[in-house]
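This report describes some side-chain arrangements in one protein model. Please look over the sequence and the structure first.

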Amino acid sequence: MSAGEEAVPFGAAISTRSLGDGTFTADLRPEWSIGTHPHGGFLIALLAKAAQALLAERGEPQAEPLVVSAEFLHPPAIGPVLLRTELHKLGRRATVVGVRLEQRGRNCVEARVTTGRLPVRRPEWTDVPPVPAEPPPGAIQIGGNTAEGAFNLAKACDVRLDPSTVGYLAGRTADAPRIRLWVRPRAGQPDPFFALLAGDVNPPVVFNVGRMGWAPTVQLTALVRCRPAPGWLRVQVDCRAIHESWFDSDATVIDSAGRLVCQSRQLALAPGS
């Protein structure tokens, strides 16, 4: 992406082109990446979009993502990819589609996407962490060269970190592996697919214990709970255990109306192990 060139909006960036046989093509854009690697949350959203595109071709245009469960096999590169879809179950309330992301003949990400209709009424009961609706004046705007490499996503997303939860930026190495942040697209408003990206937008929580570097996701499962309201998405990310090479990362994504819109849990490899 050249200097001065505007980022492609999220909706256009996850668009797919049908080849007419359940196979789609897409382009992985540099502004939706971390360093040289396409962003994992962006890939999750793209896989969900491919599943929705398949169902639209089959006469189910109202399908929305409910669950995405993905295995990250090999990191794809920036550039064109092939998305192969397979309908596993066509149900009245829930439909399941398998999606494989391939590049240069290699399987990079494999997922099962469950689709249906997202709730529209307020929940009967909810328990979400107390994250302020908007970033405070002292929030750190993430972008450019950060500890995790070139955060190219900052060209397309506005990401603000709670400074009290990112001790690694101040050189501390003994803070809890917990991060709070806020995110919104620079163009348009968040939708269910952007909520999937938000569930993986944070710097790795192991940075707070001094484990710096690339932390590749091995498996990620995300649940979309409702359509987000316009405005900031607030995110809290927690870790339950860091065991040798492995750590978990649980993200809770809340919209500007205070509703839970996405939950994600992933198992990843810790840097420096």
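The model is predicted. In it, the charged end of Lys49 lies over the ring of Phe193, at 4.7 Å from the ring centre.

**Aromatic pairs**

A pair of aromatic rings is described by the distance of the centres and the angle of the planes. The structure has five aromatic pairs. Two of them are set out below, with Phe42 taking part in the one and in the other.

| Pair | Centre to centre | Angle between planes | Type |
|---|---|---|---|
| Phe10 and Phe42 | 6.4 Å | 80° | edge-to-face |
| Trp32 and Phe42 | 5.6 Å | 20° | stacked |

Phe10 and Phe42 count as edge-to-face because their planes, at 80°, are over 60 degrees apart. Phe10 belongs to helix α1 (residues 10-13) and Phe42 to helix α2 (residues 40-57), so this pair ties together parts that are 32 residues apart in sequence. Phe10 and Phe42 are both buried.

Trp32 is found in the loop between β2 (23-28) and β3 (33-34), while Phe42 is in helix α2, so their pair ties together parts that are 10 residues apart in sequence. Trp32, like Phe42, is buried. Ring pairs join Phe10, Trp32, Phe42 and Phe194 into a cluster.

**Surroundings of Gln219**

Gln219 is part of strand β14 (residues 217-224). Its side chain makes a polar contact of 3.2 Å with the side chain of Thr221. When neighbours within four places in sequence are left aside, Gln219 is in contact with Ser69, Ala70 and Glu71, and also with Arg265, Gln266 and Leu267.

Note on methods
Residues are numbered from 1 along each chain as its sequence is written. This is a predicted model: local features need pLDDT of at least 70, side-chain atom pairs count only at pLDDT 80 or more; totals for chains, interfaces and linings use all residues. Side-chain values use heavy atoms; hydrogens and water are left out. Rings of Phe, Tyr and Trp (its six-membered ring) pair if their centres lie within 6.5 Å; planes under 30 degrees apart count as stacked, over 60 as edge-to-face and the rest as tilted. Helices (H or I, at least four residues) and strands (E, at least two) are DSSP runs, numbered from the N terminus. Buried means under 20% relative accessible area, exposed over 50%, partly exposed in between (1.4 Å probe, protein chains only). A charge sits over a ring if NZ of Lys or CZ of Arg is within 6 Å of the ring centre and within 35 degrees of the ring normal. A polar contact is a pair of N or O atoms within 3.5 Å; within protein, one must be able to donate a hydrogen and the other to accept it, and residues adjacent in sequence count only if both atoms are side-chain atoms. Contact means heavy atoms within 4.5 Å.
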